[in-house]
Amino acid sequence: MIHSYRPAQLAARLVESDPDLKAFEPVIRRRIEAVRKTEHRLTGGRMPLTEFAAGHLFFGLHRQPGEWVFREWAPNATAIYLIGERTRWREEPGFALQPIDSHGVWEIRLPADALGHGEQYRLRVHWPGGAGDRIPSYARRVVQDPRTLIFNAQVWEPAAAYEWKTGDFRSADEPPLIYEAHVGMAQEAERVGTYVEFSDHVLPRIAAAGYNTIQLMAIPEHPYYGSFGYHVANFFAASSRFGTPEDLKALIDRAHGMGLRVLMDLVHSHSVSNEVEGLGRFDGTRYQYFHRGERGIHRAWDSRCFDYGKPEVLHFLLSNCRYWLEEYRVDGFRFDGITSMLYLHHGLEKAFTSYADYYNDTVDEDALSYLALANQLIHDLRPDAITIAEDISGMPGLAESLDAGGTGFDYRFAMGVPDYWIRLIKEKKDEDWHLGELWFELTNRRQNEKTISYAESHDQALVGDQTLMFRLLGADMYNSMRADDDTIRVDRAMALHKLIRLITLATAGSGYLNFMGNEFGHPEWVDFPRPGNNWSYHYARRQWHLLDAPDLKYRFLAQFDREMIGLARGHRILETGTPHLHYEHVEDKIIAFERAGLLFVFNFHPTRSRADYPVDAPPGTYRMILDSDASPFGGKGRLAADQVHFTRPAGDTNHPKNQLSLYLPNRTAVVLARGEG
């Protein structure tokens, strides 16, 4: 069962964590009951959910002793043929599938020599009034012909299975410091990168930078590279444009050997509309996997919307979760597009202004049940696995455990934080930044739900937008980033880039994320090959030479990022409660707060440095352990390293307090460790 508590008890637990939910307790209880009923409908109470989620072990192509077995679900089909290189792409009677039940399951058994490793194949499906070629829904390997650009399934049965070197890897019990990465654009050449190149050249960089988690984008096969992997066609196939399944396994294996957990973007919020490559009109109907009519079409994304009320669809999606955990040993998932799944309006042009927005008839409760069951399944299979919800709506309970009445995600993204940084930089002068408002935006989160903060992800740099560094610096990035350059605009960009990241990490709830290359101020934007840019790869790559060049300033930003991440891990900042605000002054642009025994002091003022500035602090001795203005970080070096400060009594007898007297250069942050003299 999903949990040992009754729905009424679970609803009461969620309400107890947030009393403002009291008015919606009946809806919460009904939704929890729906999850339990859905689970029973799927398993019949005769098996655990982990056993139910085994569609990939039944459907698709499997090598068995002395034969091949292939099965497909296509309830509207009248005939199905396996066609391919072996049949010269023609329908052959010996390769015809036969129906084996009344629910639309088809099967064929072939001699062991009927198919060979590397051969390409597909299905020809007939239905009343028509027929079409289709790639099997559970295909584990899909390749594209470089000349014709046609996709086909490929028999993948190498002589020897991949031998894992890291054994039974389990994630370290520490908050995720996530390095979001895309294998294809991870190299410098203007082409698609490979799993092998990523393993050899990028994994060592990630480990050296101090991150403990990798989040890989665009792994399931997608026919259009420019979709950034979000228009998935073949949910069980690792994209062949990056290499072989063994190459991906070796990448994950090597990451595990470095102590890095590997998360994968899981796109179960929609599916590509393609018919030959994807699931669209697979058996001649548009509603086999998707909703009927307009509800099955996502107009904004030009894709199809799953019907989460269908047992066969849940079988497919839950099996997909289990498949990636077991076959590739990923350590969890970022569930993409949760908002689109949860609401019939997909969250488009919708402002969520009250709790009523989460408990009305615009919520797709079948989707909510699926997400709860997916989290149950994943954590039953891998208790150490991580699941992250990408939701912009703020729906309560997403990152509450199932036993607390929630949906079961481990974390949710604090998606308002990067949007706030962009608005602040675009719309306000530096001297007009309101630090009280900034503090609210950085710390405004549901206290019982773990969140992951970030200053920018891939979203903020997609074509039409810019990386933060490029937004701060503009054209000067091209001619003023030499190590010996000294310009006001570069100084500002370098300083704010460091301050923005440090305060975002230091105030984060329970995790932090950075997109590949942004830690060293990667320029420009992300734009994949498409007709609008003449199919150019120029912006779909990472310019690592900028980081490696000793005569450029990018290395200073990377060094600061390494120190910042090391500070977070070494002092267990994200495991130590919430930050406590000590001081904030709007006009002076000074903000100070404490966390994990560390005092963080920021001077965001664009021009004014402050000498002997009083900052309230608990009594004791403080040593400066991080200075964003230090020379190794590209700063002016205005503070002496490792300097020690002592508090002194202040206030009056009725209101006694202690203060530090600090020199705070403009646009500088310092971190002080208490008790270190």
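Residues are numbered from 1 along each chain as its sequence is written, and side-chain values use heavy atoms, with hydrogens and water left out. Because the model is predicted, local features need pLDDT of at least 70 and side-chain atom pairs count only at pLDDT 80 or more, whereas totals for chains, interfaces and linings use all residues.

Helices and strands are taken as DSSP runs (H or I, at least four residues, for helices; E, at least two, for strands), numbered from the N terminus. Helix H2 covers residues 25-43. Its 19 residues should span 27 Å at 1.5 Å a residue, and its end C-alpha atoms are 27 Å apart, so expectation and model agree; the expected span is 1.5 Å times one less than the number of residues. Among the buried residues of H2 are Val-27, Ile-28, Ile-32, Val-35 and Leu-42, where buried means under 20% relative accessible area, exposed over 50% and partly exposed in between (1.4 Å probe, protein chains only). The cover over the buried residues of H2 includes helix H1 (7-17), helix H3 (49-52), helix H7 (311-327) and H9. Gly-44 follows H2 and has a positive phi, near 65 degrees.

Helix H9, which takes part in covering H2, comprises residues 365-381. From first C-alpha to last, the 17 residues of H9 reach 24 Å, close to the 24 Å expected at 1.5 Å a residue. H9 is mostly covered, with 13 of its 17 residues buried.

Helix H6 (residues 245-257) has 13 residues and reaches 18 Å between its first and last C-alpha, close to the 18 Å expected at 1.5 Å a residue. Its buried residues include Leu-248, Leu-251, Ile-252 and Ala-255. Packed against the buried residues of H6 are H5, strand E11 (213-217), strand E13 (234-238), strand E14 (261-266) and H7. Just after H6, Gly-259 takes a positive phi of about 80 degrees. Ser-199 is buried, with a relative accessible area of 6%. Leaving aside its neighbours within four places in sequence, Ser-199 is in contact with Pro-204, Ala-250, Leu-251 and Arg-254, contact meaning heavy atoms within 4.5 Å.

Axes are lines fitted to C-alpha atoms, for helices over the stretch in contact, and angles run from 0 to 180 degrees between N-to-C directions. Angles under 35 degrees count as roughly parallel, over 145 as roughly antiparallel, 65 to 115 as roughly perpendicular and the rest as oblique. The axes of helix H10 (residues 416-427) and helix H11 (residues 435-443) come within 9 Å and cross at roughly 155 degrees. H10 and H11 are therefore roughly antiparallel. Their contact involves Val-417, Tyr-420, Trp-421 and Arg-423 of H10 and Glu-437, Leu-438, Glu-441 and Leu-442 of H11.

H10 also meets helix H14 (residues 488-506), the two axes coming within 12 Å and crossing at roughly 150 degrees. This pair is therefore roughly antiparallel. Val-417, Trp-421 and Ile-425 of H10 meet Ile-500, Ile-503 and Thr-504 of H14. H14 in turn packs with helix H16 (residues 554-570) at an angle of about 15 degrees, their axes 11 Å apart. H14 is therefore roughly parallel to H16. The residues of H14 that meet H16 include Met-494, His-497 and Leu-505, and those of H16 include Phe-556, Phe-560 and Met-564.

Backbone geometry deserves a separate remark. Most residues other than glycine have a negative phi. Arg-281, although not a glycine, has a positive phi of about 50 degrees. Arg-281 lies in the loop between strand E15 (271-272) and strand E16 (297-298) and is partly exposed, with a relative accessible area of 23%. Lys-589, likewise not a glycine, has a positive phi of about 60 degrees. Lys-589 is placed in the loop between strand E23 (580-585) and strand E24 (590-595) and is buried, at 4% relative accessible area.
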